Amino acid sequence: MYSSSSFEGNLYGFSEQEPQRAPIGVFDSGVGGLTVLRQIYRQLPNEPVIYFGDTARLPYGIRSQAEIIQYVREIMDWMQQQHVKLVVMACNTSSALALDIVREEYDIPILGVILPGAKAAVQQGKRIGVISTPATAKSNAYRQAIWEIDPNVEVWQVGCPEFVPLIEQNRIHDPYTTEVAKAYLEPLLQEDIDTLVYGCTHYPLLAPVLRSLLPPQVKIIDPAVHVVTACIQELDLLGLTNTHPPLPTRFAVSGCPQQFAQSGVQWLGYTPLVEAVDFAAVPISQLQ
């Protein structure tokens with residue numbers, strides 16, 4: 001079904017009697033989800049992980065909801081084949097447009113990044129700015145999540161279509177990126193925000209640029225930190241926390257493995273071994 005010789009069957013050799021040793025699945029459109037992976041390394045160091053980057057189809061932020069749902073179903077089918085015990089949707093656009101739908105379709109627990117990020121933001125401020133992909137901003141997912149927690153909080157959202165391509169192209173320290181960031185932050189700073197939410201898991205990679213442009217009193221919320229905290233709670237609740245020694249992370253992409261490895265090394269601190277996965281052979285009936 002999938003053209004990846006290394007990603008067949010039971011990757012880690014655990015038995016069905018040892019579900020705790022099954023991996024956590026993490027996916028994003030590209031390298032952005034590595035911010036979530038880094039938090040898993042810090043907070044859940046014993047957990048094996050399979051990371052998937054849908055690099056052939058990024059950026060997700062300009063896609064329609066129908067496209068995003070189809071992509072997520074393909075990824076979830078593949079994750080299911082890898083025998084993961086839990087999936088972290090390390091993509092705000094997917095969390096906004098597909099999470100509720102696919103949760104009803106799969107038996108695997110699936111965590112998104114928006115609700116944990118919204119909860120953390122409300123604990124920090126009352127004038128909250130959210131930077132995200134255009135699709136996430138258009139969905140109003142963060143505003144709705146925040147207002148469900150505290151309807152008295154004010155929320156402003158800005159779609160940032162250029163950020164993900166610039167990050168994927170390793171142009172974080174390009175002067176042009178700083179100019180783009182200034183333009184995106186300006187309407188939020190005019191509203192005198194006290195808290196800024198990274199509404200895309202790529203955006204923590206821009207932290208040096210964004211922090212330099214924000215007043216020091218503005219707090220920054222990285223939902224990656226908080227979704228992994230939620231992951232800890234979920235694993236504990238399900239009795240699926242792994243207590244065995246950690247195993248190497250496995251990486252797969254739908255695009256070029258070499259390009260992902262080159263982009264990922266600066267965020268991981270090592271060069272990942274990356275496999276290619278092709279969804280073209282998936283029967284369309286499985287996606288409906």
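How many cavities of 30 Å³ or more does the structure hold? The structure holds two, where a cavity is a set of points on a 1 Å grid over the protein atoms alone at which a 1.4 Å probe fits but cannot get out. This is a predicted model, in which local features need pLDDT of at least 70, side-chain atom pairs count only at pLDDT 80 or more, and totals for chains, interfaces and linings use all residues. Residues are numbered from 1 along each chain as its sequence is written, and side-chain values use heavy atoms, with hydrogens and water left out.

Let's begin inside. The largest cavity has about 60 Å³ of space, a volume being the space filled by probe spheres set on grid points that are joined across faces, edges and corners. Its lining has 13 residues, and Ser-29, Cys-91, Thr-93, Thr-133 and Cys-200 are the closest to the centre; lining residues have an atom within 4 Å of a point. By class, this lining divides into five nonpolar, seven polar and one charged. Here Ala, Val, Leu, Ile, Met, Phe, Trp, Tyr, Cys and Pro count as nonpolar, Asp, Glu, Lys and Arg as charged, and the others, Gly among them, as polar.

The second largest cavity has about 40 Å³ of space. Thr-133 is one of its lining residues, together with Pro-59, Gly-61, Ile-62, Pro-134, Cys-160, Pro-161, Val-164 and Pro-165. Seven of these are nonpolar, two are polar and none is charged.

Now for the largest pocket, with about 660 Å³ of space. A pocket is an open set of points with protein on both sides within 12 Å along at least five of seven lines. Of the 28 residues in its lining, Leu-99, Ile-114, Leu-115, Pro-116 and Ala-145 lie nearest the centre. Helix α5 (114–124) is among the elements that give two or more residues, and α5 provides the largest share, six residues. The lining comprises 14 nonpolar, nine polar and five charged residues.

Helix α11 also gives two or more residues to that pocket, and it leads us to a helix pair. The axes of α1 (residues 34–43) and α11 (residues 223–238) come within 9 Å and cross at roughly 50°, which makes α1 oblique to α11. The crossing is right-handed. On the α1 side, the contact (heavy atoms within 4.5 Å) is made by Thr-35, Val-36, Gln-39, Ile-40 and Gln-43. On the α11 side, the residues include Ala-224, Val-228 and Ile-232. By class, this contact has seven nonpolar, four polar and no charged residues.

Conventions:
Axes are lines fitted to C-alpha atoms, for helices over the stretch in contact, and angles run from 0 to 180 degrees between N-to-C directions. Helices (H or I, at least four residues) and strands (E, at least two) are DSSP runs, numbered from the N terminus. Angles under 35 degrees count as roughly parallel, over 145 as roughly antiparallel, 65 to 115 as roughly perpendicular and the rest as oblique. A crossing is left-handed if the near helix is turned anticlockwise from the far one by less than a right angle, and right-handed if clockwise.
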